[in-house]
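Please find below my notes on the model, arranged as numbered points. They begin with one residue and then turn to the whole chain and to a few further positions.

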Amino acid sequence: MTDNSLRTVTVERTAPGRFVATNARGGTLAFGTGSDADDTAFTPVELLLAALGGCTAVDVDVATSRHAEPTTFTVTVSGNKVSDELGNRMTDLAVAFSVAFPDGEGADRARAILPRAVKTSHDRLCTVSRTVEIGTPVTSTVEDV
């Protein structure tokens with residue numbers, strides 16, 4: 001591993017069922033349990049789906065937008081939340097791209113490479129989807145305060 005391979009996010013409770021994640025650069029993201037009908041904050045499961053879509057969207061955007069600026073670029077990520085003998089988890093995760101480009105030679109190149117860019121992101125580049133598919137151990141500890 002290189003010295004810059006470590007990634008860290010700190011999660012702090014701000015209120016009952018409400019949390020804020022802070023990254024090493026100082027960016028923040030509020031989220032919660034989604035238990036209230038008027039609570040629009042993302043849940044942790046929705047953040048997982050957003051991370052899957054966001055990671056692969058970045059890869060595909062870099063590959064295609066160098067040829068043409070898209071007129072539409074939407075990534076929809078879905079899955080089923082289940083609880084079974086393995087515990088709570090997501091199944092049937094699916095990432096669907098809806099991307100359109102204007103007319104023109106650069107746009108034709110972008111359209112042509114779009115399927116390959118999506119496949120390459122899925123198969124090699126997207127750290128989030130690669131981690132989910134391959135799996136990695138997660139350790140949880142309690143630290144003294």
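1. Leaving aside its neighbours within four places in sequence, with which residues is Asp39 in contact? The residues are Arg18, Thr33 and Gly34, where contact means heavy atoms within 4.5 Å.

2. On provenance, this is a predicted model, in which local features need pLDDT of at least 70 and side-chain atom pairs count only at pLDDT 80 or more, while totals for chains, interfaces and linings use all residues. Residues are numbered from 1 along each chain as its sequence is written, and side-chain values use heavy atoms, with hydrogens and water left out.

3. The protein contains three helices and five strands, and its elements follow the order β-β-β-α-β-β-α-α from the N terminus on. These elements are DSSP runs, numbered from the N terminus, with helices being H or I runs of at least four residues and strands being E runs of at least two.

4. As to overall dimensions, the radius of gyration of the protein is 18 Å, whereas a compact globule of 145 residues would have a value near 15 Å; the radius is taken over C-alpha atoms, and the globule rule is 2.2 Å times the number of residues to the power 0.38. The C-alpha trace spans about 60 × 45 × 35 Å along its principal axes.

5. Of the 145 residues, 21% count as buried, a class that means under 20% relative accessible area, with exposed being over 50% and partly exposed in between (1.4 Å probe, protein chains only). The protein exposes about 10600 Å², of which carbon and sulfur atoms supply 54%, the areas coming from the Shrake-Rupley method with a 1.4 Å probe. Among the contacts with a separation of 6 or more, 40% are accounted for by residues 24 or more positions apart.

6. On charge, the protein has 13 positive and 19 negative charges, and their mean positions are 6 Å apart. Lys and Arg count as positive and Asp and Glu as negative, with His and the chain ends not counted, and each charge is placed at NZ of Lys, CZ of Arg, CG of Asp or CD of Glu.

7. To return to Asp39, this residue is found in the loop between strand S3 (28–32) and helix H1 (44–65), and Asp39 counts as buried because its relative accessible area is 17%. Its side chain makes a polar contact with the side chain of Arg18 at 3.1 Å, and a polar atom of that Asp39 side chain lies 3.0 Å from the backbone nitrogen of Ala41. A polar contact is a pair of N or O atoms within 3.5 Å; within protein, one must be able to donate a hydrogen and the other to accept it, and residues adjacent in sequence count only if both atoms are side-chain atoms.

8. Asp38 is found in the loop between S3 and H1, and Asp38 is classed as exposed because its relative accessible area is 68%. The C-alpha atoms of Asp38 and His122 are separated by 35 Å, the two residues being 84 residues apart along the chain.

9. Ser121 sits in helix H2 (residues 105–125) and is buried, with a relative accessible area of 0%. Not counting residues up to four places away in sequence, Ser121 touches Thr56, Asp59, Val60, Cys126, Ser129 and Arg130. For Ser121 and Val60, which are 61 residues apart in sequence, the C-alpha to C-alpha distance is 6.9 Å.

10. Two positions in strand S4 (residues 72–84) deserve a comment, one of them being Phe73. Phe73 is partly exposed at a relative accessible area of 26%, and beyond four places in sequence it touches residues including Ala57, Val60 and Phe97. Ser78, which also lies in strand S4, is partly exposed at 38% and, with the residues up to four places away set aside, touches Leu49, Asp92, Leu93 and Ala94.

11. Asp92 is in strand S5 (residues 87–100) and counts as exposed because its relative accessibility is 57%. Thr91, which is also placed in strand S5, is buried at 17% relative accessible area, and its contacts more than four places away in sequence are with Gly79, Asn80 and Val82.
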